[in-house]
Amino acid sequence: MNIKITGTGSYIPVNIEKNEDFYNHNFLNSDGSVINAPNEVIVKKFKAITGIDERRYVKPHLNTSDIASFAAEKAIKNAHINPEDIDYIIVAHNYGDVNHNKEQSDTVPSLASRVKHLLRIKNPKCVAYDLLFGCPGWIEGVIQANAFIKAGIAKKCLIIGAETLSRVIDPHDRDSMIYSDGAGAVIIESVNDEGGIISHETGTYALDEANFIYFGETNNSKINDDRRYIKMHGRKIYEFALINVPQAMKSCLDKSDIQISNIKKILIHQANEKMDEAIVKRFYELYDMEVPEGIMPMTIEKLGNSSVATVPTLYDMILNGAIENQDIKKGDVILFASVGAGMNINAIVYKQ
């Protein structure tokens, strides 16, 4: 018996926010000073660095728990299981439900309990809880579900990554252009089949790195309120990721006893196109190899960075033929990897 993903689902919001839509923003430096460049130049430089051309935002009436349930419904249907048979619902997110044009994050009850309610699951032995682990939250949820099933305390688990970052961005911060909304979900269960989760690796770097991503004030010093927004020290994150993520990926792969040449796809958190390319390049350099063509599918150009949702939505889209020239076949070895707030890093070697 092996522990495998038997169903996938995703929810991609329909509202598209293009780079041109930011031309009328009043971008400011973190100290409140004016940026000495027109917005067209700022946006063009942003596109060159991140690869993002547009991103998706949820409609005003929807919230994180709503879109999490949409992705979950698809994963349950795809796995052909009875939702009453699910033992654990794990929802990875960072900011809870934040209503449109509201300031307060709502996490009581947990998003997982809200998702269970929306799915109309009656079974009280289906345990629902939230996982706060930065952008690597969905992968960590998969690792936890794997442990539950191995320990014999679960047979079927639903793991969801969902976020509505459009509700927590500072319109005066250039970094606001990075973030987006979305949700992805999988069913994991023990099955009589080859493959599944082969190895995993997780690390938390919090001595000096804990606050690289944080909740902070607006860049506009003329606004006097207590609202906080997602903020980051981009250069520090970039340097941290390039040093530590390739090593974590290598450690995970080495534990699997699978040769790097057998990896068919690397599904990495869609954080920043240039950063992801550099991470994968350094990973292959650890084995004195060049990066194979087409090894790293990307969705960031059209979908932006939806945090915990980027990896499961990417995986679901490939399986459903939604990404051109990308596919995953039975028996393919996949390396999942992510990095984010905490600072947390994780990886999974998985055989389809």
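Accessible areas here come from the Shrake-Rupley method with a 1.4 Å probe, and for residues only the protein chains shown count as cover. By that method, the chain has an accessible surface of about 15,700 Å², and carbon and sulfur atoms own 48% of that surface.

This is a predicted model, where local features need pLDDT of at least 70 and side-chain atom pairs count only at pLDDT 80 or more, while totals for chains, interfaces and linings use all residues. Residues are numbered from 1 along each chain as its sequence is written, and side-chain values use heavy atoms, leaving out hydrogens and water.

## Overall build

Eight helices and 13 strands make up the secondary structure (DSSP runs, H or I of at least four residues for helices and E of at least two for strands, numbered from the N terminus). Of the 352 residues, 56% are buried, meaning under 20% relative accessible area with a 1.4 Å probe, protein chains only.

## The cores

A nonpolar core is a set of buried Ala, Val, Leu, Ile, Met, Phe, Trp, Tyr and Cys residues joined through side-chain atoms within 4.5 Å. The largest one has 51 residues, and Ile263, Ile266 and Phe283 touch the most other members. Elements giving it two or more residues include helix 1 (39–50), strand 11 (263–268) and helix 6 (273–285). Helix 5 supplies the largest share, nine residues.

What does Ile263 touch, not counting residues up to four places away in sequence? Its partners are Leu253, Phe283, Tyr284, Ile295, Val333 and Leu335, where contact means heavy atoms within 4.5 Å. Apart from this core lies another, of 35 residues, with Ile5, Tyr129, Val311 and Tyr350 among them.

Note on methods. Buried means under 20% relative accessible area, exposed over 50%, partly exposed in between (1.4 Å probe, protein chains only).
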